[in-house]
Each structure stands twice: as C-alpha cells, then as structure tokens.
Amino acid sequence: MTPNPDGPSGAGESERARPSQETARQGSRRDPRDERFERRDRHQTAALGEAFRACGNRLTGKAATLMAAAGEAAITGVCRCNNVHLCPWCGSRILAVRAANVQAMADGLAERGYGLHLGTNTLRHFARMPFGSNRKGRRHGLISVLHDGWAGAYGSAGRRWRRMRDDFGIVGYERSYEDTFGFDTGWHLHWHTLWVTLRPLTTEEQAAFRRALAQAWADAVRAAGGYEVSMTCDRPGCSCGGEGHGTDLRPINGDDPSDAARYLYKDGDKGTAAIGLELSRQDFKSGRRGRLGPWQLGDAAAAELAERGEPGPFTERYRERERGIFGVRKQYRTQNLNRLVRELGIPQDERTEDEITDESGGLQPIAVIPSGTWYRHIARVPGRRLDLVKCAERGGLPAVRHLVEAWGLRWGIDVFDPPTEDDQEHGATPAGVDGPKPSPLLEVPAARTFVEHIHRTRRRVRHDADDA
C-alpha cells in the first residue's frame, strides 16, 4: 500500500524518513531543530563513542516520558552526551549559552572602558600530519602541539607571560578551540582568543602587543615539536602587514567607537556579527577554501557510510577526530577575568551543561513509553522521536495518540497515560518525570512498582476488551 504523503507516518516509517520534494527545495527554510535532530542521527551512524551514540537513544531508566505544555514539548528519561565537539543537538544548545555569556561579558567590559582584542593562533600543517591525542601516555600529533604551544607561550607561571601581562595591562582572556579539515591541507587546528586589557591600546601599543604574542607563540610551538610558525609574508597588500599568519590580533574597541558595538569577525568573511558567535559557535561555521567544519565532516562521513556500506576516507577522518578530541576543552576563561566579571556584576548564565540540555522545565508528562516500545518502535526508526515532539507541540495528547495509533501501536498496551497522583504516592513514578528523586535504596522497588502498574493496566485493558 502506498503511504499517504499528507497523512501521519505509518507503521515502520516516519514523517522525517520520507521528506517530500517540496521539503528538499525548501532546505534553507527548514526548522533548525529538525536539522539538528537529523544531523545527530546521521553522525551517530559514523561515530564509535558509546556516549554520543546513546544521546537521545538510550534510556536512563525503565521508560521515556513525553512532556508538553503551552506549545512546547520534550522527551525525558533519555541520555544526553553534552558533547560540544561531536553532538549537533547538545553542542548547539550549550554553545548558544556560552556565546551569549561571551557577548554579555564583552559588552559589559567595553562599556566600562576595558580594551578588547580578538586573536588567533594557528599551526603550520600538512596533509600527512595526524590529528593526534592529548590522552595520558599517548600524546602526539597536532592537538598535542597546539596545547603544549599555548602552555609554553602564555602559561601563567612563565616569565615571558608575566612580562607581557605587565607591559600591556592584560587582565585575562577567554580562549576557544576550533578545527577544520581538508584533504589537500589536512587538519587546521587553531585558537580564537578574546584578550582583555585594562584600557584600549593605541595603534603602536597594539602592534607591539601582536609582535609579543606572535614571538612567544612561535618559540613555544617550536619547543613543543611543531613546524616553524609563519612570521613573515611577502604577498602584496596582505592583511598581515608582512608579519605572517601564525598569530593574528585585531582590536575590537579601538580608535573607531562603532567597533565596540559591532564586534567584527576576525577575518571579515561573514560580515558583521557578535564576538560571542566568533568565539563559541563553530556549529554555525564552515571551513574556508574547501575545508570542512566538524558538522560538515560528520555529514560527509554519514553520507559515505550510507552509500558505500563501509568506512571510507571521510569516515576515517571523522573517527580520527572523534578519538583525538577527547579531553579537549572547547572554551576556557581565566580566573582573573571571571573574578572581574563577577565584581562588575556582568550577568552570566551559570547553568551547568546538564541543566542547559535538560528540556523538561515547566512541562508536564502526557505519555509514558516503556523501554520495549521505545527501542523496538521509536528509537530505532529514524525521525519518530522528532515526530512525537512536534505532534505534542501542535496538538497535545490527542495528536500524539493519533500518531502512535497510526504507527500500529496500542494506547494502554504499548504507550501509557502518565501515572496518577495515587500511583505516584505508591512509588510508580516513571523514569524521566520531574519530581523528588528517590534514594538509591528505593530506586529498584520504585521501578518494580511502576512495571507492576504497567502490567495491571494491560490486564485491565484486555479484560475490558473481552467483556466487550
């Protein structure tokens, strides 16, 4: 039977699994959330790490709970990886908060007369060079040189760093990690840094500051085993001014007062935008000159696996990065800068990563999905999790029930109403529902009570059917 293109997805399929030609033509106008859901699903097919592969799929308890209220919905009781380097879903949520924090900090410091400077530190690299790792006992490759170079150049215990701090009035910095990949040039790993000084520097002081940062970086990279950093350039009219491309430094609240409000990107390739996006939102970026950003590399690896049925060059590079990115801090702010932000009363979102990716705030449970149904009929059918959320947002419980029954599932047998207050008083609270958490000694009995509640409900439904 041919499925109805305008109706709900039938048993064994999903609305998201069969996009229409119109949807394909409107790709740029699609809901970004749809793209993040689908991207996570695709990238998980190429990934090897269990934590990322479990994100949004594996249950944390005996059941998943569909939550909804006022046009919003979410599924709780499932794992969240909180991986900003690999996960398009968790990463986008966490990086959005971090970008807002950086922007608020930059705005507050600029208003109070501090100097802001956007810097970039890069390595000379070639296609044959491995991504590497920072794991203890296995440090090697570009990622190791990048970290050791930073510690050697700007480590707080170094004499050179203390001299630069005093000479230029450095208060602190916020540093962000980024990488891109291209088969012609290999891995391009670099730091973006927001340097904060006590006051805006003059043009001459800015030039001296750049030279000091560049020389310290070049010496430290050489000591860490890396290739010589670019310190000169003979290209006519190059933006580096002949001083090379290993280190870049641009004032963003200098002689032009409008710069303080606009916060230009370091290289101008994306027009005018916020400093928070430049430092934090690599999920918005693609590599330049044909290089792939992390999300684009994941897209290519997933497409390659789907087409070939086995790993190819893109998948190998994706997995090389997946192994090497372990333990790499995406963003770091110095303690002195954190202290200054608190003293000045600049607002910051202090939520933890778990709190940021928790979507259940203010929502109420409307359906409980036991583990058997979840794994057999929902988690392993691409797009069904998103279908549930969107139906709950648009039509609440009636729409969800209609969708579930269109999949060939039975309400009260495969999917349940949430427990009543009387059920919860007896410990039948399904996994994922917000509320007082039982002590570890009560977790197993509570779970067993909930399973017994499900069995009683199933027997009652069958009994009512027999009477009818």
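Glu174 has Leu194 in strand E5 as its bridge partner. The model is predicted, so to read it: local features require pLDDT of at least 70, side-chain atom pairs count only at pLDDT 80 or more, and totals for chains, interfaces and linings use all residues. Residues are numbered from 1 along each chain as its sequence is written, and side-chain values use heavy atoms, without hydrogens and water.

The pairing of E4 with E5 is antiparallel and extends over 12 bridges; strands count as paired if DSSP finds at least two bridges between them. Helices (H or I, at least four residues) and strands (E, at least two) are DSSP runs, numbered from the N terminus.

| Strand | Residues |
|---|---|
| E4 | 170–182 |
| E5 | 186–197 |
| E6 | 247–251 |
| E7 | 331–333 |

These strands belong to an open, antiparallel sheet of 5 strands in the order E6-E3-E5-E4-E7. E6 and E7 are at the edges with a single partner strand each, so one side of each lacks a neighbour in the sheet. From one strand to the next, the twist averages 15°.

Helix H4 (residues 88–111) lies across E3, E4, E5 and E7, at about 30° to E7. Angles run from 0 to 180 degrees between N-to-C directions, and axes are lines fitted to C-alpha atoms, for helices over the stretch in contact.

The axes of helix H2 (residues 32–46) and helix H15 (residues 384–406) come within 10 Å and cross at roughly 160°. H2 is therefore roughly antiparallel to H15, a term for angles over 145 degrees.

Technical notes
Angles under 35 degrees count as roughly parallel, over 145 as roughly antiparallel, 65 to 115 as roughly perpendicular and the rest as oblique. Contact means heavy atoms within 4.5 Å.
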